[in-house]
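Dear colleague,

Please find the structure below, handed over for your review. My notes on its salt bridges follow.

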Amino acid sequence: MSELFDAVDALIAKRSALPAPSERERLRKAHGLTQTELADALRIRRATVVSWEKGLTEPRPPQREAYARLLDKLAELYPADEAPAEEPATQSVAEPVTEPAPVQPEPPVRQEPPVREQRAPKRPAGAPARTPAPAATTSASTPTPTPTPPDPRFANGPLAVLDADGSAYCAGGLVLDCPAKDIPSVVEWTLAEAHLGAPRLHRSGRDSDPLVVLTAGAAERLGLPAELDDRRGLRLSEDHKVVKQITRAKWKLTRRGFGPWARIYRPAQSGRRHCVQFAILPWGALDTRAWGGADQLAPPELARALSDYATRVLTPRGSTAVSGLELMTALRPPTRAVKDEATDAWVSGPVPGSLTEAVDPAPPEAPDEHPVVARLYPRHHQRTPDQVIDEEAYDWIRDPELLTDEECAHRFAVGIDVNMAFAAAANRLIVGTGPAVHRTAPAFDKKLPGSWLVDLSHIDMDPRLPNPFTPGGGRPAGPAWYATPTVAYAVELGHEVRPAEAYVRPVNGPYLDAWYTRLRDAYVATMDELGVRTGTSEEEFLAAMERHKQDDPVRVAVLSAIKSTVKGGIGKLRERPQGASYTYGEPWPALERPTWRPDIRAAVISSARINMHRKMLKLSTAGLFPVAVLSDCAVYLSDGPGPLDFLPRTPEGKPLPGGFRLGVSPGMVKHEGTQDLMWTVRMLDEGHNPARHIKGTDSTGE
């Protein structure tokens, strides 16, 4: 009988009447109680008391009954009309929630992040998300994101940063309590309670799996080592206790195992995925070359940075290179559901315009170790330009002997850098989406993507400019393989081309357009938050660029990651084999992807290099020639230390049409750095590229 009474008491306690959240705070303050004192008395955390008083969560038994009793006593002592004048009730950030009708949770809306002292308190994961504060007003030039309908499945955002004390920091300053003590329990908590994830970017795609980022403290708490012993494979050994825990709980790991980026899953049931991905910070999940100092941010700030990236780009699924490639698939998935007219059943069919299956590259497009090439040449054969395509970014310096007396009279060398050069090159670029077709002695068609064997060595160029047909800027020695944009540029310059051979792709389209648009919008929005806005004057733009990395390391990290996503994603289109166990001439896992497409990589880089040369050629009509070019950076000599001191203008004072233009948009340029003339001449004499060091630090040519 006593058990029945206990059950009845529990039901009563579960529905104990409570005043409105703002009234709870008023009563506590009226009696002079602190939140810490109340938390100690109820044997809960102070953050839980804050959450109750903000209306973010509701008390649960057994604390609910005790809390209700306390508030009843305080209400008798301090009626609402007798509240002390010196202790006014504090206005909550969230809209007060009156007791206790269920609220449909809404996904957090990205907003101007609050300062750390004002962030949302911890609350149990299943409670409704708070109503976000209105976003800060941005400039009229900021792209306005299209609002998406709320999805209660992902009410708490795309990811959580888990700290040592079980605090899970989410988007919008939200903090959840994660009671899990091991990795399988974190997986269960994430899928059952956390409401994490992100909706698909294409109706035929799939939702982004939730991401849990583990700080060093959280990794230690969950039984993970501070460092990976396997520095080559970068994964836990199969006999590690954490891997055994995962196996015993009937979860699976992907074939890359439990490393810096791990995916834990169970096979989909009834079309529903059960998967959580992990990023382990102490194992180097956030590469400093891509994310800057993001891994040194406090958990709330890191959650803000990663959530902004996830909202604007994609929930990270590995390195920024991996994420760049995954973004292509997320925006243009390979398959969709179609109805089979014969059986009236839904089956998988290709998505028009997408990369739907893995295809072999043409022999000149494949790297040396690819099976297609390994069958044609012996192991150590060095392929010549008429056997392999060499579409790479510029790395060129001018012969110091070609510097004129007039140029040597200048005081400075000024570097200008093209914003998001490879993204801009991908915009409206027609690439092959199907297999290559071999043709002999074809007529060149600039609308047909592919690789062309053609002799461009007869084309004479000013030696003060890099040759557009080779990455090193030298004149071609004879026939060579080129991507369509390079050959099209030769035709644009007025030269006749007669390809001897070609591998073309009749099935084609602007596959990268959606990818470019999303990354462009992410880049412009982040730059806007950093104070660099479109539509400003050139002087204002340069001033904003001087200070844009000084104030907010969170947004600087996001900006760095977005730019790295572009370059890394293009590079991943021709991922080479990895690992000491690889056997030359054998296939490697990346070849199984529809997105393993070295021909698309070659076309993007070719387009970027040609865009660069077209602008340099235009400046040469005004008597300006670069002294060095590295990828998307060109160095010019100048009387003054800034770009405005040498970039040519029209008689009306406007930038020279067709040349480099200062601005924030992809394809426009910014100031990369300045050095004095003697430094530049010394670099040229020693055979070094000044563009690599113009900022005062080394820069890698991608």
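Glu-529 is buried, with a relative accessible area of 18% (buried means under 20% relative accessible area, exposed over 50%, and partly exposed in between, with a 1.4 Å probe and protein chains only). The side chain of Glu-529 forms a salt bridge with that of Arg-555, at 3.1 Å from N to O; the term denotes a side-chain nitrogen of Lys or Arg within 4 Å of a carboxyl oxygen of Asp or Glu. Because Glu-529 belongs to helix H16 (residues 513–529) and Arg-555 to helix H18 (residues 553–572), the pair ties together parts 26 residues apart in sequence. Helices (H or I, at least four residues) and strands (E, at least two) are DSSP runs, numbered from the N terminus. Arg-555 also counts as buried, at 7% relative accessibility.

The model is predicted: local features need pLDDT of at least 70 and side-chain atom pairs count only at pLDDT 80 or more, while totals for chains, interfaces and linings use all residues. Residues are numbered from 1 along each chain as its sequence is written, and side-chain values use heavy atoms, with hydrogens and water left out.

In total, the structure holds 38 salt bridges. One of them joins Lys-695 and Glu-672 (3.7 Å, N to O). Lys-695 lies in the segment after helix H21 (690–693), and Glu-672 lies in strand E21 (residues 669–676), 23 residues apart. Lys-695 is partly exposed at 47%, whereas Glu-672 is buried at 12%.

Kind regards
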